[in-house]
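Subject: Structure handover

Hi,

Here is the structure for you to look through. Please open it first, then read my notes below.

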Amino acid sequence: MIPTLLLGVVLVAVGANVISRTVLREGFQVANELAVVCFAGVVFFGIIGAALDKQMFGVDFFVSRLPRRLQAWVTALTHLLVIAIALQVLNAAIAQVSTARFTTFLALGWPKWIVSAGLGVAMSAIILVQLLHLAELWREHRT
């Protein structure tokens, strides 16, 4: 739901900018910055939703072709790999927040670190989701 609303804001903002450039011959800077922030939200909430729904298509495609006895182990390994990657991205997001705390979007006046903070929240959620999937896999494998 949230990614859909944010995508709607992106479309309205970009549409307003196109109309502004066409009619007024000048861009609408707030629209550009709002579109950047909202599009980042679309991506961040989208990856969380995909992880919750276990829609890692590339991973599932290859794991499903493995022998049955290897599938659970490889699935667990992919969850651990996603956690490791998300931890690295989380670390980068924290570094970005600490270095970008004084910069702002020119037209909006919002601090730019909000995008990096959103990335950090998304990666934290991805880690949590992967841990929940690992726990579920462990319960299934144990029984």
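A residue counts as buried under 20% relative accessible area, as exposed over 50%, and as partly exposed in between (1.4 Å probe, protein chains only). The model is predicted, so local features need pLDDT of at least 70 and side-chain atom pairs count only at pLDDT 80 or more, while totals for chains, interfaces and linings use all residues. Residues are numbered from 1 along each chain as its sequence is written, and side-chain values use heavy atoms, with hydrogens and water left out.

Start with Asn17. It lies in helix H1 (helices are DSSP runs of H or I, at least four residues, numbered from the N terminus). Asn17 has 7% relative accessibility, so it counts as buried. Beyond its neighbours within four places in sequence, Asn17 is in contact (heavy atoms within 4.5 Å) with Gly27, Phe28, Ala31 and Asn32.

Now the rest of H1. Leu6, Val10, Ala13 and Ser20 are among its buried residues. The buried residues of H1 pack against H2. After H1 comes Arg25, with a positive phi near 60°.

Next, H2 and H5. Helix H2 (residues 29-52) packs against helix H5 (residues 113-142) at about 5°, and their axes are 9 Å apart. Axes are lines fitted to C-alpha atoms, for helices over the stretch in contact, and angles run from 0 to 180 degrees between N-to-C directions. That angle makes H2 roughly parallel to H5 (under 35 degrees; over 145 is roughly antiparallel, 65 to 115 roughly perpendicular, the rest oblique). Residues that meet include Phe44 and Ile47 in H2, and Leu119 and Met123 in H5.

Best wishes

Key
Helix = DSSP H or I, 4+ residues; strand = E, 2+ residues; numbered from the N terminus.
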